[in-house]
Amino acid sequence: MVKRGLGRGLEALIPVSSYAEEGKEEIREIAVDRIRPGAGQSRKNFDAEKINELAQSIREHGLLQPIIVRAVGDEKYEIIAGERRWRACQVAGLEKISVIVRNYGEQEAAAASLIENIQREDLNPIEEAEAYQQLIRRHGFTQEEISRQVGKSRPFIANMLRLLTLPGEIREMIKSGLITAGHARALLALESPEDQKKIAREIVAKNLSVRETEQIVQNNNEKEKAKSKKKALHFNLRLIGDSEKRLKEVYHTDVKIKYLSSGDGKIIIRFTDPDNLEQILALLLR
């Protein structure tokens, strides 16, 4: 289990390596081809244009911030933080790259990589949600602990995780930037996955705002509620007819059931004379 700190960021999650001395860590130069991406990397897509822009900057000014790696045996290293910079260095044609080597185990490395990526705030919403999910499922974090580590509220974490319940088609729309997390949260108010996909396509086709999407979702839910209410009323009317027939057979008199729109109602039992009333009361009180 990863040792967790109380809200001081990445360093509170994972202690610094033995290379740290007086608050400073040793920066080393390692061959680019001896480094591999980390298994815990939450980012799935790297923008080629931005990688090329970063590569050009590295050619002109050098790598200003070293990447963080861990040794994985046989003079090989795995990236904890900085895969985008590593990729840009490859594009720039660098043979060596500046690194800080930390003494992390596999579990520590995976958790540290996830949190570092989240704290950078450059993941798309689905990648971020998947990172939270990995911290929970693989590393035993609670939503409250994630909240402290990344500096975001627990409700925010919970809402991000809910994005993963959306259909795959919508998750891909979010990843590609066709719809925002705000649009997606509005879609979560719909019960039907088919309705979610239908309105998501409408968002893209009509370039709808989040507010417009919320209004469409509200209108859709009101229509569905009206349909359900009509269906329930039809069922109740059939049930009322059957119940009136059974009561007439029991009391041997006319019985009416009045169903009100508020959901309540009343039963009216007709009696013909005092003796008939006594008979009905006897049956009711029996």
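Biologist: How many bridges join strand 5 to strand 6, and do the two run parallel or antiparallel?

Modeller: This is a predicted model. In it, strand 5 (residues 67-71) and strand 6 (residues 77-81) run antiparallel and are joined by four bridges. Alanine 71 stands opposite tyrosine 77 of strand 6.

Biologist: In what order do the strands of the open sheet lie?

Modeller: The order of its five strands is 3-7-5-6-4, with mixed pairing. Strand 3 (27-31) and strand 4 (35-36) are at the edges; each has a single partner strand, so one side of each has no neighbour in the sheet.

Biologist: Which strands does helix 3 lie across?

Modeller: Helix 3 (residues 83-92) lies across strand 4, strand 5, strand 6 and strand 7 (96-101). Its angle to strand 6 is about 125°.

Biologist: Now a single residue. Is threonine 253 buried or exposed?

Modeller: Buried means under 20% relative accessible area. Threonine 253 counts as buried because its relative accessibility is 10%. Threonine 253 sits in the loop between helix 11 (210-251) and strand 8 (255-259).

Biologist: What does threonine 253 touch?

Modeller: Leaving out residues up to four places away in sequence, threonine 253 touches Lys248, Ile269, Arg270, Phe271, Asn276 and Ile280. A polar atom of the threonine 253 side chain lies 2.5 Å from the backbone oxygen of arginine 270.

Biologist: Where does pLDDT stay under 50?

Modeller: Where pLDDT is low, the predicted coordinates should not be read in detail. Here pLDDT stays under 50 over residues 1-23, although the model has 52 contacts for them beyond four places in sequence. For the protein, the mean pLDDT is 82, and 85% of residues reach 70 or more.

Key
Residues numbered from 1 in each chain as written. Predicted model: local features only at pLDDT ≥ 70, side-chain atom pairs only at ≥ 80, totals over all residues. Heavy atoms only, no water. Buried < 20%, exposed > 50% of the residue type's maximum accessible area, 1.4 Å probe, protein only. Polar contact = N/O pair within 3.5 Å; in protein donor to acceptor, adjacent residues only side chain to side chain. Contact = heavy atoms within 4.5 Å. pLDDT = per-residue confidence, 0-100. Pairing = 2+ DSSP bridges. Axes fitted to C-alpha atoms, helices over the stretch in contact; angles between N-to-C directions.
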